[in-house]
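Okay, thanks for coming, everyone.

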Amino acid sequence: MNKRTRTLATALVTTLALGATGCSAAAKTGGERPGRNPATANLGTVLGGTPQKGGTLTVLSNQDFTHLDPARNWVMGDMDFGTRLLYRTLVTYRAAAGPRGSELVPDLAENLGVPSNGARTWTFTLKPGLKYEDGTPINSRDVKHNVERSFSPDLPGGPDYAARYLAGAEGYQGPATGKHLASVKTPDDRTIVFELRTPFAEFPYAATLPTFAPVPPAQDKGPQYDNRPFSSGPYKIESYARDKQLVLVRNTHWSPGTDTVRKAYPDRIVVTMGLKANQIDDRLVASTGPDASAVPWDKLRPESTPKVLTVPAVRARLLAESTSCTEMVQMHTGRAPFDDVRVRKALQYALDREAVLTASGGPALNDPATALMPGFLFGGKQPDTLGIPLTGDVDKAKQLLKEAGKADGFSTSLTVSNGDKAVGEAVQQSLGRAGIKVTIETVDPSAFYDTIGDTKSRTDLVYTGWCPDYPSGSTFLPFVFDGRYIKEKGNSGNHSLFRDDATMKRMDQIAAMPDAVLAGKAWRELDGQILAKAPTAPAVVERKPLLIGTNIAGAFGHISYGGQLDYATVGLKDPSKSAN
């Protein structure tokens, strides 16, 4: 490690630590004075005390997973579940509530990686004694294999950090053809070396992603691997009936001596799928019988909020960490009429964010979005870049439509997840005021990202969000607005299909900056510049309200996983009271 790299890394860590502090402050206030928001009383705390070992943890879900294959897993909740229970990555996040949850710790690797060549080369050494569920050893070639799988056209939807940063990766199509990446070297069973095309001091954060989990080539079944990932974590799959139930049991070859993060308290974890969201809420409010040992997969429904916040004993079981995710209406900028910036700006002005916020659960569980990146990347609060009133400005929207030759309005379609139907209706009604007639198409949550990721057949508008993979603008703006990484199928992040040469040139300039503080300032400036070009209309920054059962212990919303429950530490107060 040369002096320049050490200085760069030190500046980065300082910046990220400040960012995490800002995130915590924003989460605790939620735009209000501390203590005024009843939903946030448990922020930064662990509910239920320390779990006892044993029993069955039940997860009540209204959906199946989008993907559990680590090469394809890039949805925040799925990443949390997969990397905390089924497979380990080179690096991971500390299992801690509040800001400490943003701290990196070694996982499969002995340390956070050793940079050289000006942070263009990163070397990781695996811990000794790591094993899969069948007792066979985990080696560096298995990590390389999964990194290479992430390039496969038949495995779309996963993180594309490898494609963006590895040297010589252009045009690579995965290992199925017998070709391998020369920029990923495995000189022995425990060493893996990544050679990058550009300096990347944040690479240890990227190494927390499922792309950097091991997959043994002998177990790789291509797209079918999604149904049965081979375990390197504390649990393995006993059975998986898609859209119905997933059952995890202990992986007896996982060694806690090599894992400082995962506690593996329950004996079994059962995910019951296909339930109605309101049914899940009612069962957890009542918390009787086996439901006392249950947690929800998805957030509390807005209509269930009064049942929780008005009853102190129930409210005491509510987690509501900030997701740090900006929800937005993304417009297909390559398709008329949204190829006209005046039409896109009209939508920004027509959108009633107050109505969207109400449909999302109200101000106790959401903050209105006034920028693209979440507040903690601005030091605590988003700037009000455009200055549009919270309820919109219909007259201004109509004026812009008239200038674009759309004085009579037009018809379009919006895709939302089933759980966001009320949000879709709020968008529909607010845009209708300006003459934009919206048809809503709802999609099952497990199929939502595959649907909107099909760029040929998707609707003009989609309502979705983006969460930073770690506390840096480099993991938000490039992934949502860099047109060079748009895919015909399995497209992620850039659902506005935004291609702007000046924006992409500036992204490259910022990414090459050696000073992380100056880079952070530049990302914040670019945020406003992109917003002025109107590829999206920011709506809200959500919290993740999760109501846990009365027998649950060790529960908190993890800030690095979008406020989702940290499955590394959750368990039961009394295992004997759980389902068999």
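Let's start with methionine 328, which stands opposite proline 538 in E17. Before I go on, some housekeeping: this is a predicted model, where local features need pLDDT of at least 70, side-chain atom pairs count only at pLDDT 80 or more, and totals for chains, interfaces and linings use all residues. Residues are numbered from 1 along each chain as its sequence is written, and side-chain values use heavy atoms, with hydrogens and water left out. Helices (H or I, at least four residues) and strands (E, at least two) are DSSP runs, numbered from the N terminus. Two strands pair if DSSP finds at least two bridges between them.

So, back to E17, residues 536-547. Strand E12, residues 318-331, runs antiparallel to E17, and ten bridges join the two. Along that pairing, glutamate 321 sits opposite lysine 544 of E17. How many bridges join strand E13 to E17? Three, and E13 (residues 366-368) is antiparallel to E17 as well; there, aspartate 367 has valine 541 as its bridge partner.

E12 also pairs with E16, in the antiparallel sense, over six bridges. One of the residues involved is glutamine 330, whose partner in E16 is valine 462.

How covered are these strands? In E17, twelve of twelve residues are buried, and in E12 it's 14 of 14. Buried here means under 20% relative accessible area, with exposed over 50% and partly exposed in between, using a 1.4 Å probe and protein chains only.

Now a separate piece: an open, antiparallel sheet of four strands, in the order E4-E5-E7-E6. E4 (114-116) and E6 (184-188) are the edge strands with a single partner each, so one side of each has no neighbour in the sheet.

Helices next. The axes of H15 (residues 501-511) and H16 (residues 516-533) come within 10 Å and cross at roughly 170 degrees. Axes are lines fitted to C-alpha atoms, for helices over the stretch in contact, and angles run from 0 to 180 degrees between N-to-C directions. That makes H15 roughly antiparallel to H16; the cut-offs are under 35 degrees for roughly parallel, over 145 for roughly antiparallel, 65 to 115 for roughly perpendicular, and oblique for the rest. Contact residues (heavy atoms within 4.5 Å) include Met507 and Ile510 from H15, and Trp523 and Leu526 from H16.

Last, the aromatics. Rings of Phe, Tyr and Trp (its six-membered ring) pair if their centres lie within 6.5 Å; planes under 30 degrees apart are stacked, over 60 edge-to-face, and the rest tilted. That rule gives 28 aromatic pairs. One of them is tryptophan 74 with tryptophan 466, edge-to-face at 5.2 Å centre to centre and 85 degrees between the planes. Those two are 392 residues apart, with tryptophan 466 in strand E16, and both are buried. Tyrosine 161 and tyrosine 470 make a tilted pair, at 6.3 Å and 40 degrees. Both of those tyrosines are buried too.
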